[in-house]
Amino acid sequence: MAKEVSEKKEKSQYQGRIHQMQKDLMARWMAELEQAAENNEPTACLLVAGSNLAILLRCLGIHQVYPELNSLQLAIRKQSLPYIQIAEEKGYSTDVCSYVKADVGAFFSGNMSSLGTKLPKPTLVLSCFSGCNVYIKWFEHIAAYTGAPLYVIDVPFIRSGEGPCPEDIDYVVSQLKEVIEICEKMSGKKLDYDQLRESLVLAREMERSWLEIKELTKNIPSPYDDYFDCITLMGPLVAYRGTPEGVEFFHTALKEFEERVRLGIGPIPKERFRMVVESAPPYPYFRTFRDLFTRWGACAVGATYTTPQPPEFLHDPERPLESLAEYPIQIFTNRGLVQRYQLLEKYVRERSADALIIHSVKSCRLFSVGHGDMREYFSKKLYIPTLMLESDLEDPRYFSEAQMRNRVDAFFEVLEHKKYLAGKTIESHAT
Amino acid sequence: MDFESLIAQCREMIDNPLHPEVLSWKEKTGGKAVGYFPVYSPLEIVYANGMLPVGIMGGGNKLDVERADSYFGSFVCSIVKSTTELALRGDLKYLDGIFFHSICDAARNLSFVFKRNFSPQLFVEYIHFPQNPSSPSAVKYLVSELERVRKKLEEVNGRPMTEENLKQSIHAYNENRRLMQNLYRIKAEAPHLLSTPEAYLLTSVGNWLPPEDHSMILRAALEEVPKRKIRPRDKIRVVLEGSFCEQPPLELLEVVDEAGCYIVDDDLLLGRRWYEEEIPLDGNPVHSLAESYINRARYSSVSHDWRRPRSQRLVERVKQSGATAVVFCIAKFCEPALLDYPLFKDVLEREGIPHVSLEFEEKMWTFETLKTSVETFVESILFD
């Protein structure tokens, strides 16, 4: 039977060279944004789902700010609640996305980042929403509050068959052409298609490394945690796509992780369970949440949230606009639940996972509506042990550590027992 | 038939969850019945294919949600759960298919829960409506989407739809919408003659009837309403906003009325009244439908038209209907309505238009607290 879990917290995460590189890159990016704010340089608000458009914007000399990343940073640094409350005082319901509320609250508190740096006021609000209807509203509000023009790139949802209809791609390409025209007027710079192609070559190179890195989690032990560590890797992916710095970062990361595979090193001393995770983490309790799994020796080997790159997708420099259009259409948030089930099942099977962990977040209906059905499907149809937890990605008021811990512990105790009965080797806990 | 008997007939139809009128239509015509979730659905194309479009507007407050809760989180609106419960109970067996639309994340995910659990017995289609009508390419895109829907229906039916079929169907719905508009005109001009609960009953029976049959009921009502002998009362005129998807219980509408409000305009069952102008019948009818969606649709929290912001259109609607205030009546957990509220609130405050916000769930059955809120609001305006 399972031994009692040690009370001593095992705090582990990957801390290699790239950890520092990532910090430096993101600090540089924030400094550039602060500079842009001071100089009133053209800046566009973007979303992570459509963050590949940064490649295009960079060619046009336009900076990018990501309100989502700002909300994320506010939560992880435990600064989100006062901003959420400011938004609620302005009429935002307790039941709407708290990412939106934290961002709105921060805007009305001086438009500061979590690091205390000034964020530039956007000169264009560009919503490429990829399946999240709240993103449409959020950017509409930003435009209303800042007075900046709004352009919503309508991204048709993948709704018939496995991929987009050709008409969907044409539609997004037409809209991209309109965006280019707006940006050219804004920055006074004509788009150089050769420069765009070169940037796409760099983006493709970076994406190749990213996809290779993701495949490394098939190894036992996995060289890094595909949920908690991979979230950190997503920063440079979003901010430096299509740049030599981005390529260098992911080349370095790939080499480091391959070396760890060769040496058989994982992010926790002993990988005892391999899990696939669905949905966003509770950022205000990110460390606490991670520790709930670390103490059981559980490592994430796959996650939907850390699949911002459409699986098997690479930008094609020979089809620049089509390729830029296909990315936000093909991303998993723009696909139905059934396709998300297929992605999760693929991760469980290919990466030899023991369980699926669903973290259902109140803020995000895109992720969470249907999670009960997902649990039913994975546990009763596919016989994959599944745990569903509920809290929020931004609002600390919805996180109950004791309750969450009880559920995680109970789940892994049963899982351990099942493994034991299945004749698998059970190793003792380090006490 | 006098007005009261007409209303009684509508109430009876709404109260019967088995909707025998759909079954009898299917028996009579041999056609299929296709459900549609709120808000707008291209009913014209469904009907032109010889199928009966059936509005699935949730389970009301008499349905016990027993099993559907486990399919969704605790923070999901009632209509998503009650619609699933209806399907799990077998209460949607009279449907051959169902359409969902790009109105919100919850409804979109619901369509895939339906697909996994109830197809292939029920064909499930998801329609993506354009969210960027200011793009010149939006009409072309929507034509392709409507053509996809058309092909799907033809495939299910095993026979093609002709252009003439579609024109006839558009004509029937144009007429149906015109009659509903007339009903709403009375509500605005002489609200004492037609209460919102009554107008709601008359409109909602159209969810289970072919447009021509519904239009007959509307014509009868339009003839009878002016004959009613009801004296106007000292009430404030309000616009009701926020109930475009999940529908508030009829009792809630009665409570707002009793608390001293004439609801002179609302967005209840908005999809049935999506166009205030007729869809043109000249030219390619699929193109006409698409072009009307882009250029002639009502504003709503689930469709976005950057050329004319919704907050501006709400103010216009308040002014046009001669209302003095807005009552927000928003379903719990409805993100499109809840997220529109702060911008609506800002503009109403700038314009000096008083407003009150009510939150409801379709399964609610006590209304005293809401009544007190509305009464206090009304008094604050009447005795200001």
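Figure 1. Met26(A) belongs to helix 1 of chain A, which comprises residues 17-39. This view, like those that follow, is taken from a predicted model. Met26(A) is classed as partly exposed because 19 C-beta neighbours lie inside 10 Å, whereas a buried residue requires 20 or more. Once residues up to four places away in sequence are set aside, Met26(A) touches Gly235(A) and Ala239(A). Ala239(A) is 213 residues from Met26(A) along the chain, yet the C-alpha atoms of the two residues are separated by 7.8 Å.

**Figure 2. Overall build of chain A.** Chain A contains 16 helices and eight strands. Along the principal axes, the C-alpha atoms of this chain fill a box of roughly 70 × 50 × 45 Å. Among contacts in chain A with a separation of 6 or more, 78% are made by residues 24 or more positions apart.

**Figure 3. Two serine residues of chain A with positive phi.** Ser130(A) adopts a positive phi of about 40 degrees, although this residue is not a glycine. The loop that holds Ser130(A) runs between strand 3 (124-128) and helix 6 (133-146) of chain A. With 26 other C-beta atoms within 10 Å, Ser130(A) is buried. Ser352(A), also a residue other than glycine, has a positive phi near 45 degrees. Ser352(A) is located in the loop between helix 13 (337-350) and strand 7 (355-361) of chain A. Because Ser352(A) has 13 C-beta neighbours inside 10 Å, this residue counts as partly exposed.

**Figure 4. The contact between chain A and chain B.** Chain A contributes 42 residues to the contact, and chain B contributes 39 residues. On the side of chain B that touches chain A, helix 5 (105-118), helix 6 (138-157) and helix 13 (335-351) of chain B each supply at least two residues. Helix 5 of chain B provides the largest share of that side, nine residues.

**Figure 5. Helix 4 of chain B and the elements packed against it.** Helix 4 of chain B covers residues 78-89, and its 12 residues should span 16 Å at 1.5 Å a residue; the end C-alpha atoms are 16 Å apart, which agrees. This helix is largely enclosed by the rest of the structure, because 10 of its 12 residues are buried. The buried residues of helix 4 of chain B include the charged side chains Lys81(B) and Glu85(B), and among the others are Ile79(B), Val80(B), Leu86(B) and Ala87(B). The buried residues of helix 4 pack against helix 5 and strand 7 (325-331) of chain B. Just after helix 4 of chain B, Gly90(B) takes a positive phi of about 85 degrees.

**Figure 6. Val327(B) and the largest nonpolar core.** The largest nonpolar core holds 258 residues, of which Val276(A) and Val327(B) touch the most other members. Neighbours within four places in sequence aside, Val327(B) is in contact with Val238(B), Leu240(B), Val256(B), Cys261(B), Val356(B), Leu358(B) and Val374(B).

**Figure 7. The parallel pair formed by strands 5 and 6 of chain B.** Strand 5 (residues 236-241) and strand 6 of chain B run parallel and are joined by four bridges. One of the residues in this pairing is Val238(B), whose bridge partner in strand 6 of chain B is Ile263(B). Strand 6 of chain B spans residues 261-265 and is mostly covered, with five of its five residues buried.

**Figure 8. Cis peptide bonds in two loops of chain B.** The peptide bond from Pro38(B) to Val39(B) is cis, with omega near 5 degrees. Val39(B) lies in the loop between strand 1 (33-36) and helix 3 (43-48) of chain B. A cis peptide bond also leads from Ser119(B) to Pro120(B), with omega near 15 degrees. Pro120(B) is placed in the loop between helix 5 and strand 4 (123-127) of chain B.

Note on methods: Residues are numbered from 1 along each chain as its sequence is written. Chains are lettered from A and ligands numbered from 1 in the order in which they are written. This is a predicted model: local features need pLDDT of at least 70, side-chain atom pairs count only at pLDDT 80 or more; totals for chains, interfaces and linings use all residues. Two residues are in contact if their C-beta atoms, placed from the backbone, lie within 7 Å. A nonpolar core is a set of buried Ala, Val, Leu, Ile, Met, Phe, Trp, Tyr and Cys residues joined through C-beta atoms within 7 Å. The expected span of a helix is 1.5 Å times one less than its number of residues. Two strands pair if DSSP finds at least two bridges between them.
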